[in-house]
Amino acid sequence: MYEGLIRKYRNYLDVQDDSKIVTLNEGNTLFLRLKNLPSAIGLKNVNVYVKFEGLNPTGSFKDRGMTMAVTKANENGSKAVICASTGNTSASAAAYAAVSGMKAFVLIPDRKIALGKLAQAIVYGARVIAIDGNFDDALNMVVRLSETEDVTLVNSINPFRLQGQKTAAFEICDALHRAPDYLMLPVGNAGNISAYWMGFKEYYENREIANLPKMTGFQAAGAAPIVENRVISNPETVATAIRIGNPASWKLAVAARDESKGSISAVTDEEILVAQQLLASQEGIFAEPASCASVAGLIKKASAGDLETDRPLDIVCVLTGNGLKDTSVVLKDELKIDVFRPDLEQLRTLFH
Ligand SMILES: *Cc1c(COP(=O)(O)O)cnc(C)c1O
């Protein structure tokens with residue numbers, strides 16, 4: 001039986017005591033080759049895969065980091081965890097705190113979090129506080145609180161978060177028996193791109209793989225501090241999970257980009273929503289807007305001719321979170337659904 005990523009990748013993770021492991025059997029997520037979308041966007045000679053992290057226990061990749069962060073907090077006898085969150089970190093922290101018997105405190109930017117994520121934090125039993133400010137303000141507050149109060153910070157500046165998250169790179173390499181040529185993913189606080197790069201490098205050093213991918217990150221155009229090389233004080237994007245103006249792992253992300261000869265560029269909200277729609281209608285996969293920045297970026301690079309397609313390529317797009325968390329983006333103003341009388345004749349017109 002699969003028992004979560006700490007037990008699976010134990011040799012790569014620093015955990016002392018098995019009895020202290022806090023897990024919901026996260027990881028081991030769906031890895032799938034896209035069947036229709038690549039040719040629909042004019043890509044030939046390319047295998048495009050998605051790693052659907054939305055199928056983790058709380059619906060995002062945050063569970064990979066949280067199993068490690070909460071396990072270490074548990075090892076250290078901590079009784080409570082705290083985080084600032086655009087939504088998914090709070091959902092994950094709340095669930096892992098619940099199963100380990102710890103308290104969870106989450107600070108969210110006021111009114112800017114998807115309702116599905118808020119519902120998760122509440123139902124898992126976290127103490128949820130909305131801050132009249134943005135994510136960066138909330139993060140600043142929890143860092144300060146964790147310095148003076150008896151509570152463990154589980155944002156991605158907690159180094160154990162990235163340790164857990166790097167296992168997604170291992171899973172991709174285990175599936176492909178190599179690293180992909182390009183790893184494409186959204187960049188918000190920039191922990192994940194840093195964690196993946198760490199994972200690929202560790203597998204390379206241990207001779208599990210003989211190549212390394214180009215780390216190819218995408219920020220939302222209204223929240224693209226790394227692309228613009230400046231702090232964005234009022235980040236705005238429909239992709240709330242990457243609505244971040246001053247990423248905590250900024251330096252690590254730039255190092256991942258440069259060491260891998262990759263890139264970090266911007267995609268617009270419109271491009272993100274087109275990608276979300278395409279992925280759902282062509283492939284049957286519903287990912288949340290932030291996740292779809294990876295596919296939007298793929299489409300953009302493909303149409304700009306930025307990918308060397310003279311040889312067969314493996315491209316992996318990371319779909320970081322589940323679309324069910326944020327249905328408002330799809331349902332928008334009102335439900336655009338036709339209402340029919342329960343009348344067979346009228347319904348039969350559908351088929352003609
Ligand atoms: C957290 C999150 C991101 C951004 O990841 P970072 O590590 O902050 O760059 C992207 N997508 C989703 C769904 C997330 O929850």
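Colleague: What should I know before we start?

Modeller: This is a predicted model, so local features need pLDDT of at least 70 and side-chain atom pairs count only at pLDDT 80 or more, while totals for chains, interfaces and linings use all residues. Residues are numbered from 1 along each chain as its sequence is written, and side-chain values use heavy atoms, with hydrogens and water left out.

Colleague: Okay, in what order do the 4 strands of the open sheet come?

Modeller: The order is β5-β4-β3-β6, with parallel pairing. Strands here are DSSP runs of E with at least two residues, helices are runs of H or I with at least four, and both are numbered from the N terminus. Two strands pair if DSSP finds at least two bridges between them.

Colleague: Which strands sit at the edges?

Modeller: β5 (127-131) and β6 (152-153), each of which pairs on one side only.

Colleague: How many bridges join β3 to β4, and how many join β3 to β6?

Modeller: β3 and β4 (residues 103-109) share 5 bridges, and A80 stands opposite K103 there. Between β3 (residues 80-84) and β6 there are 2 bridges. On that side V81 faces T152 and I82 faces L153.

Colleague: Is β3 largely enclosed or open?

Modeller: 5 of the 5 residues of β3 are buried, so the strand is largely enclosed by the rest of the structure. Buried means under 20% relative accessible area, exposed over 50%, and partly exposed in between (1.4 Å probe, protein chains only).

Colleague: Which way do the residues of β3 point?

Modeller: A80, I82 and A84 go one way, V81 and C83 the other way.

Colleague: What do β3, helix α4 and β4 make together?

Modeller: With α4 covering residues 88-100, they make a right-handed β-α-β unit. Right-handed is meant like this: with the strands pointing away from the viewer, the path from the first strand over the helix to the second runs clockwise.

Colleague: Switching topic: which residues are closest to the ligand?

Modeller: 16 residues surround the ligand, and the closest are K62, N88, N189, N192 and T320. To count as near, a residue needs a heavy atom within 4 Å.

Colleague: Last one: which loop holds K261?

Modeller: The one between α11 (250-259) and β9 (263-267). K261 counts as exposed, at 65% relative accessibility, and its phi is near 55 degrees, a positive value in a residue other than glycine.
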